[in-house]
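Hi everyone, thanks for coming. Please take a look at the structure on the screen, and then I'll walk you through it.

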Amino acid sequence: MYRWLREIHLALGVFSFGFLVLYGVSAVQMAHFNVPVRASEARVALSGEAGGDARAVARELMERGLVRGVLREVEAGEASLRFRLERLGTVHSVTYFHDRGEALVHTRDSGLLGVLNRLHHTAGFWHESPALKAWGVFVAITSAALILLAATGIYLWSRLRNERRVGAFLLAAGLMYSLTLVWLIRTA
Amino acid sequence: MRLIKRIHIWLGLANLTVFLIYGVTGLAVTLLPAPEERVRPQARLELVDFTAPANLTDKQVADLVWARLGVPLSSPVPEWALRRDAANNLTFAFYTPNGITHVTVLEAQGKLQAAYEPAGTAAFLNTLHATTLRDRPTDWRLRAWVLYNELGIVALLLMSASGLYLWLASRRGHWPARACFVAGTGALLILYWLVR
């Protein structure tokens, strides 16, 4: 039993290591500072074939390697066309001017921390993107792993004679402090 | 290595509750339907007599309302969260782990309308796991919880690092652990690349 649970604890821990670090780092960011955002702007002359179609303008910009992401919030006006292209951590706001055949691309890139922040908030299986659906699966696995790591960890500790006294004190103190607060908050 | 192992055990035992809350919250949000399909809880409406004193700013009125309603665990509403509805009434909300209280100041009628939306257990745990020093709670119970939660976040990182060290220091050649590490970290990197 001990050997098996030790193997499971190790396997779950190393499997979910990267995900747990991601959650920890993004939690520190959210608790203590804003994500630094890099903003840039570019004017791009387009071929004119796109006309007044946001999808065609977006495709041409994508084919030139200037933008990537999911097309959202299209607003078609007489003189211009506005839309956004979004992917985790990056938003391109595009304004296309019909008369000049020119696109103004405003980009806000929040980099690695921005992506970690968004991934922290992403869960569930309802997303359209297959990658985000897959992410939802790993969120579920990591969450279940965290519960199992706690359960197996308690068992493994209980078998260590040398650590019983200090461990029991920390466990009791942590449980008393946290559960009392949870109860006080829930019944407030 | 012995000290690292002790730290790993001690952090895990002291933070058991918060780790379980993180895990349960992760599973609960996984099971949520798409945002547009989520059913909001039935709100309980209450009308309270209230007259806004003359020459106060909206923020000062909101602070008076906060003191008047005394919503448990709530903090004064920041200025950026104040709004006016279509009828130009001042509106804002008090967010607490137990639910949301939407307030509309009906100045013409001399009333406050408070609509209280209670939070279910999953929403309660979700808010609890996300309540940190940044929220600057004024209630002592939430301030005490925030300290525990902040410790939990640091402990999560320290336990991940110490756990990895303990594996590498004691059983580096253990192939099932290697396979799990490569599978987990590989999946994370591939997903990062795909969403980025």
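Let's begin with a definition: rings of Phe, Tyr and Trp (taking its six-membered ring) pair if their centres lie within 6.5 Å, and the pair is stacked with planes under 30 degrees apart, edge-to-face over 60, and tilted for the rest. With that rule, ring pairs join A:Phe15, A:Phe19, A:Trp135 and A:Phe138 in a cluster.

Some housekeeping before we go on. This is a predicted model, where local features need pLDDT of at least 70 and side-chain atom pairs count only at pLDDT 80 or more, while totals for chains, interfaces and linings use all residues. Residues are numbered from 1 along each chain as its sequence is written, chains are lettered from A and ligands numbered from 1 in the order in which they are written, and side-chain values use heavy atoms, leaving out hydrogens and water.

Back to the rings. How many aromatic pairs does the structure hold over all chains? There are 9. Take A:Tyr177 and B:Tyr148: their ring centres are 6.0 Å apart and their planes are at 55°, so this pair is tilted. The pair crosses between chains, running from helix H5 (residues 164-186) of chain A to helix H5 (residues 140-171) of chain B. Helices here are DSSP runs of H or I with at least four residues, strands are runs of E with at least two, and both are numbered from the N terminus.

Are these two tyrosines buried or exposed? Buried means under 20% relative accessible area, exposed means over 50%, and partly exposed is in between, using a 1.4 Å probe and protein chains only. A:Tyr177 is partly exposed at 35%, whereas B:Tyr148 is buried at 5%.

B:Thr17 is buried, with a relative accessible area of 7%. Setting aside neighbours within four places in sequence, B:Thr17 is in contact (heavy atoms within 4.5 Å) with A:Gly174, A:Leu175, A:Ser178, A:Leu179 and B:Tyr148.

Now the whole interface. In it, 72 residues of chain A are in contact with 68 residues of chain B. The size of an interface is often given as the accessible area lost when the parts come together. Buried area is that loss for two parts, with a 1.4 Å probe, summed over both. Between chain A and chain B it is about 5600 Å², and carbon and sulfur atoms give 72% of it. A:Trp126, A:Ile185 and A:Arg186 supply 12% of the area that chain A buries against chain B, more than any other three residues.

Within chain A, A:Arg100 lies over the face of A:Phe97, at 4.2 Å from the ring centre.

What about salt bridges, meaning a side-chain nitrogen of Lys or Arg within 4 Å of a carboxyl oxygen of Asp or Glu? Across the interface there are 3. B:Arg171 and A:Glu7 meet in a salt bridge, with N to O at 2.4 Å.

Last stop: backbone angles. A:Glu73, in strand S2 (residues 70-76) of chain A, has a positive phi of about 50° although it is not a glycine. A:Glu73 is exposed, at 51% relative accessible area.

Conventions. Lys NZ or Arg CZ within 6 Å of the ring centre and 35° of its normal.
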